[in-house]
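Biologist: Hi! Could you walk me through this one?
Modeller: Gladly, let's open it.

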Amino acid sequence: SELREWRPVIYRKCTDTVWLLLFFLFWTGLMFITGYAVMAGAAERLVLGYDSFGNICGRKNTAVKGAPLSGQDMTNKKYVFFLNSCSLEMQSLKSSSLSLCVSSCPQEQLNSLEDLQSFARNNGSCLCVYNLNISSYTLNPKAAELCPTLPVPPSKSFPLFNRCVPQNPECYSKYASVLISMVNEMDVFHRILSGILTGRDTVIGLSVLALAFSFILVLAFRFIRPLLVHTLIALVVFGLLFVSGVLWWLYYDYRNDPSTELETEKENVKFLLGYAIFSTIVTVVVLSIILVLRKRLPFTVQLFQIVGKIIGRIPFLLFQPLWTFLILIVFWVVWVAVLLSLGTAGTAQTTSGGQVEYRALSGICYMAWYHFIGLIWTSEFILACQRMTIAGAVVTCYFNRNKSSPPPHPVLSSISVLFCYHLGTAVKGSFLITILRIPRMVLLYLYNVLKQKESACAKCLFKCCFCWVWCQEICLRYFNQHAYTTTAIHGTNFCTSAKDAVFILAKNSAKLASISCFGDFILFLGKVFVVCFTVFGGLMAFNYHRELQAWVVPLLLVGFFAYLMSHSFLSVFEVTVDAMFLCFAIDMETNDGSAEKPYFMDQELL
């Protein structure tokens, strides 16, 4: 076969342009869904609540045709009040009682229309239908129909759904039973959205905490020393053991709580059990690997010192994850906002008496799946761009004869090459990862549908499929990175680069496998460290807000974000190590160290 000169080419051409066009068309569909969700959705209805006339409490509203009491300014009326809170009935998530937006809930029992009138004048909170004037409470013959059923029990605003909850024991028991049945009838999609909205401040705080942990680890790996490696391993072991213990304790506490009635609370118990089992398995596996590979620790420290020297020549590589993180955060915020709007997309329809009902639109489920695929593909594409940028900068510095005078602006040069020529290659590599994730999503959906059959054989088959797809994804990520590095060197398309990288790695697998294995494992421990302590903070924060929250799902989201953040930051070292070893293998393959064909590598690598 024709020998290839493995050096960064100067004259390049665009690669995988068809895939870039497909990505553009896919994003055109995402833009359509975004516009549709913004126009048809109203995420505020999930948490703020709305009255029987289509007004969302706590904000200004637009009028609904055929509903004369709609379109009112409810900025100062933040709570939903039911006129017949002691005799509520729910059918298909619809209340049998009229509901209004009020500025405050009655703290004392109101026994007559005069009490209602006095409460409205003193507190500015009208408990009767909006078109009934306060002075007419005791004069209008229809006041009994337009005002709440007497006596009105004392109530208190509920923090999650902004409802006035009656405090009278008899009324509270009836109200609670209706509310429990209503929440249990809600589909999982809407319960998850409600949990994300109500815990948004905690999710944002935990994401910032994960960012801080990731940045500290990047600085630590830059100036790594043997004591630091031992400290990291000790912290990871402690964190895994501690988080596993807390998860088992919370599961035991929730399982034995007699007040666990809501479907969201039962889901919390199930998720906690799954988390505890998964955390225990990870702890056992990590401890076993540490015991097996502990003798390679000194060489790993030397490896990271060499990587630190390379990064020292390109200091701006340390800032690359920060830009990636900011881009991911902006994308995730927009994605969640669109998801919330999509989950509440519905048309307002008037009924008898000028009341308003919101009916869900058809096709929302398919849009949600398309939107979720967009999350995976775009996130992977952003991370692939970061990996190609880092690999391109490392390749430029490696294949430079004059080590004392590195090329000017290697990061900017790598970014320009990526955007001008190789975006299609990043799209194709990220699409392959997405394709492997879709079967996992389908398997998870089928598992949830068929789990009630309690078939041990089916469960075992599903778990084997999960494991098989996950292993394939790990292998594909590994080869993707080397394909990106090969593209950065020679400017070839994804398939050609992957073939060349596999050929080089196959010839040098015995040399490289033992060298990079423990280095990748140390970086993995860094990611585990960030996820463990972020999830622990989430456990402590969410455990204080148990009421009616599907908080385990937002916790899973926080863990996912923490892993992506740590992965994005530590990938500087991971990509540098992989790119350096591939360049090293190519250097050994094409040069012999003679005066005619000298090595590009530093003498420390030999």
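Modeller: The side chains of Glu 574 and Lys 527 are joined by a polar contact of 3.0 Å. A polar contact is a pair of N or O atoms within 3.5 Å; within protein, one must be able to donate a hydrogen and the other to accept it, and residues adjacent in sequence count only if both atoms are side-chain atoms.

Biologist: What are the ground rules here?
Modeller: This is a predicted model: local features need pLDDT of at least 70, side-chain atom pairs count only at pLDDT 80 or more, and totals for chains, interfaces and linings use all residues. Residues are numbered from 1 along each chain as its sequence is written, and side-chain values use heavy atoms, with hydrogens and water left out.

Biologist: Is Glu 574 buried or exposed?
Modeller: Glu 574 is buried, because its relative accessible area is 15% and buried means under 20% (exposed is over 50%, partly exposed in between, with a 1.4 Å probe and protein chains only).

Biologist: And which residues does Glu 574 touch, beyond its neighbours within four places in sequence?
Modeller: Glu 574 is in contact (heavy atoms within 4.5 Å) with Arg 387, Asp 520, Leu 523, Lys 527 and His 567.

Biologist: Switching topic, how much of the chain is buried?
Modeller: Of the 606 residues in the protein chain, 48% are buried.

Biologist: How many helices and strands are there?
Modeller: The protein chain has 17 helices and 8 strands. These are DSSP runs, numbered from the N terminus: helices are H or I with at least four residues, strands E with at least two.
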